[in-house]
Amino acid sequence: MNIKNILSIIFLFGLGCSFAQLDRSKLPEPATPRPIEIGNYETFELKNGLKVFVIENHKLPRVSYNLLIDTEPLLEGDKVGYLGMVGQMMRRGTETRTKEQIDEEVDFIGASLSGRSGGAFASGLSKYQERIMELMTDIVFNPTFPDEELEKIRKQTISGLAANKEDPGAIAGNLNQKILYGSDHPYGEIQTEETTNNITVEDIKMYHSNFFKPNISYLAIVGDVNLKEMKKLVKKYFGAWESGDVAKPTYEMPSAPEKNVVSIVNRSNSVQSTVNITYPLSLPVASEDEIKVRVMNQVFGGSSTAKLFMNLREDKAYTYGSYSSLSSDELVARFNASADVRNEVTDSAIVEIFYEMQQMRDGKISDEEMDLAKNAISGSFSRSLEQPQTVARFALNSSIYPYPDDYYRTYIQKVQAVTREDVQAMAEKYLKPQNAYINVVGKASEIEEKLKQFGELKYYDTYGNEVDPSLAKLPAGLTVESILNKYLDAIGGKEKIAELKSVRMSMEASMMGQTLNMEVSKAAPNMSRLEMKMGGNVMQKQVFDGEKGKLSGMGGESMVEGDDALDMALSSAMFEEIVYLENDIDIELSGVENINGKDAYGIEVKAPSGKSSTRYYDAETGYLVRTTNTIEGPQGAMTLSTDFGDYAAYDGYYFPTTMKQPINPQMKMDITVTEVVINAELPADHFKVE
Amino acid sequence: MRKLLTLLLFVSFLAANAQERRIEFEEYDLANGLHVILHQDNSTPIVNISVLYHVGSKNEPVGRTGFAHFFEHLMFEGSPNIQRGEFSKIIENAGGQLNANTSFDRTFYFETLPSHQLELGLYMESERMLHATIDSIGVATQKEVVKEEKRTRIDNQPYMSFQAKIFGKAYEGTSYSWTPIGSFEDIDAATNADFRDFFETFYVPNNATLSIAGDIDMDETKVLIEKYFAEISKGTKEIPRPEIVAPELGDDTKEEVFDNVQLPGVFQAYRMAEQGSDDYYAMQMLTTLLSGGESSRFQKEIVDKQQLAAFVASFPFALEDGGLFISLGLANVGKSPEELEVSMDKEIDRVKTEDIDDREFQKLKNQIETSFVSSNSTMRGIAESLADYHVYFGDANLINNEIERYMAVSKEDIRRVAKKYLTPENRVTLYYLPKSAQQKPEDEKAVDDH
């Protein structure tokens, strides 16, 4: 009687109480493991060179066909994105079927069908095995690539690119690609609206006719099928495919940076920073180091029990998850460690990632960590065998790459044989905390200062193009017009502004113990008057009648003429912003500034005289919050700024009620608005200039 | 000619429809009320062990939104026998994988292990059901981790506030009005008494289903289950099951949301029939009609012909006590949400007024059949489906015959549910608009006006 039977008897007699002494302080002992069996596959080759793998698995009545064309990556130049359209276009019309017919026939049998530049995939119920293969080969061999379908895809793609501009993951992807590989490498090319618009049907046709060749192709068939039937079907549908020579381009190997560099894409509404620490490296598929590197990465950041996760999430709670990857690649491999972390710990998270890289290099790896990593990899390998697609993947890899015949059969043994010394050696060879790109997508104004410690800061747009730092911090899609319109909306809206005939503001400030009173009045379209009084005496007066102006004060009076008069005409407008939008004034975005703790967008305005000033509008509220003027003084140029705050409503119009005005660069005056009268009755000669 | 062939094929398909693979299982209750479901499949030496607790965000008291999900995180903190941080390591060390998730209605934990580690999996799940430990370090850490999860998945992603907004309106005043992720404030407010109470009320064997699928021996497995779970006491507290009655909405509830998006989005949510009801199956077929595959009506008309949308889909967000039938579209560059919504409405009106032709109806059935057949391809999927079917529908055997319920849906049923549920009075609509399109800072004005 074996143990199993005894246990059953105990159970049957209901002697559950005998388990009362269950010792929960120890983990249960595992039973005897069953040997891992990798499913078998059959293989054959057609005369044209197509290699076929058949993995029979009768668990579910399904079948899948995966056609893989083993082409080298291509440079797309100014047409980045056309390779991605090849597959979509294959499905959009063949010599005997329209797109609509293909779609309907595929859906009618509940199948799925897709093309790609590297082949095609189809799956469905095995009772439709021939129809599925017929449909797949129709799009592979007989596509017509209709022009009007390309236009539809183009439109979709451009919308998709627009949506990606707001997606931190997509932005980080672009940044990583560009920084790691550069524009001259197929892995570094970024699709934009412009490259999308350059794509023609000819590009797609040319690729299809040059690269879809059986002699570089593999077909993996998985599911509830029969080898003999499949041989017949494959011959019938793939037999006439003609072989041909295919170009194999080569590329220069990108290199890791000499010292750490920080690259930032500003996403001003981010509540988290997407951090990637990354660099390119050489680790060919099937190379000697591959399995050892796999174990090393597992210890470092390969799972939710690895060093990165335990430190950044379980100990510090900086993130929902932090992981690393280091996979082999024929052209160029990459190391990447990543985490999405809240803004205020962006720098701390980077410090911790580097710390863990150094721990690995120093061999600070426990036996427990080694065992855990090796067992996790072995377990994941065993679990993957549940899916018959895994066997297909093994068959394809063994055929394409120089793996030894027993590679997968002995995979777990090889993993288990990796030592701590191996892992440290791999860490020293492949982990480069001094030669890394630190790529961050996040809110620049909150994180940039703290990132300077890691290296030179560079700024990029959402497509990975380097940009001027001050402009980089502007959100995508922001324009001068949108800022001005938002401001005008915030202060009452254009319609109401058009109704405004005049306004009179009374203000008060204290200076050197004395009270200063000011009155500013304006009348549409551009008359203005400013009076400054102290102790009842007019200190200064400035009037503009719409054409000419006059300054008077304790030092005498002078007329405003020439360019200065043109400048005054502009500043006398009820709201200058209306003039910017309607007339030909030289204005441009100057960047984003943090003003009193809030982001504000700057617009540089060149007045008719050529003097320039910058006006800042709050990113959130739209209000004008600061103006700065550069003045040529005895000590050279200096910048004077006026801050506006505490906007309040007066008959539905919003005006600032506090201003901080410079008297000189060292001294500011606090001004409080005491009264605002909308459409005030003003004396007839109020704006008269004599 | 081809048409005729298709027709012939189609007849033979129907005959072949009997092709099926049954999923055999056994189920029983332990004395403490734990429901057990076992499925044996020895083809691969792996086993999936799962525990479903019948508690989700809808069981949270007001002021504790997000608690069920937060609690799920804490269930990985350990027990008197499993140190903090060790739970995941023990499973991974045994070659396993684990995770959990929380929905409006339930919380689900699973491990997939090499089959010789079955006992370990049972031990681990029994440890947390018996005496999960929740210490203050774990609580403090996981509070922050859960907030990061919310930032990563929702706050930092375009459009992702839609779930909270749409449920907030469509189920206002009920326990479906908040989503499982909850709010930062409520998570911060959680106290030790909350944890104890929640554990004692909901994490009890009589509120749990243990579902195991894989390379097992039935008798041995039963003995091991008894060994580890029998000693866990049955819960003594009453398990509250909030009643959810969808509130009256009024004519047509609409909201504009200004978000960090480039493409305007239209989200329409209709309250739907509770899962498992006849109407629910008809609505599933309706979803397939509208957005299943490239030839579906939304895809063909709105994306392909009219080119109004970059993406459009319909999916039923089915819940135990209702749920939402959601249609969403992201407008192509230069297209307005209004015109997109009109064309989405037009497709829904067509369902209400026009007959579905025979071939299109047969297509729906074939699509449903394929997805039903494909749905049980992994041990993890089977264990989860068995548990869900048992808990939600009281019938685990639906894993084999739920397809019959779909096949019983008629064309008239589809039209009927479209008319009954897809009405403006039963709908919440959100427009997602780019922030740059925002007209005025309305809320600011409301405060300042005097």
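Salt bridges and the criteria behind them

Modeller: The side chains of Asp194(B) and Arg64(B) meet in a salt bridge, at 2.6 Å from N to O. This is a predicted model, in which local features need pLDDT of at least 70 and side-chain atom pairs count only at pLDDT 80 or more, while totals for chains, interfaces and linings use all residues. Side-chain values use heavy atoms, with hydrogens and water left out, residues are numbered from 1 along each chain as its sequence is written, and chains are lettered from A in the order in which they are written.

Biologist: Why is the contact between Asp194(B) and Arg64(B) called a salt bridge?

Modeller: The term requires a side-chain nitrogen of Lys or Arg within 4 Å of a carboxyl oxygen of Asp or Glu, and the N to O value for Asp194(B) and Arg64(B) is 2.6 Å, so the pair qualifies.

Biologist: What makes Asp194(B) partly exposed?

Modeller: Buried means under 20% relative accessible area, exposed over 50%, and partly exposed in between, with a 1.4 Å probe and protein chains only; Asp194(B) has 21%, and therefore counts as partly exposed.

Biologist: Why is the contact of Glu148(B) with Arg151(B) called a salt bridge too?

Modeller: The closest N and O atoms of Glu148(B) and Arg151(B) are 2.5 Å apart, so this pair also meets the rule. Both residues are buried.
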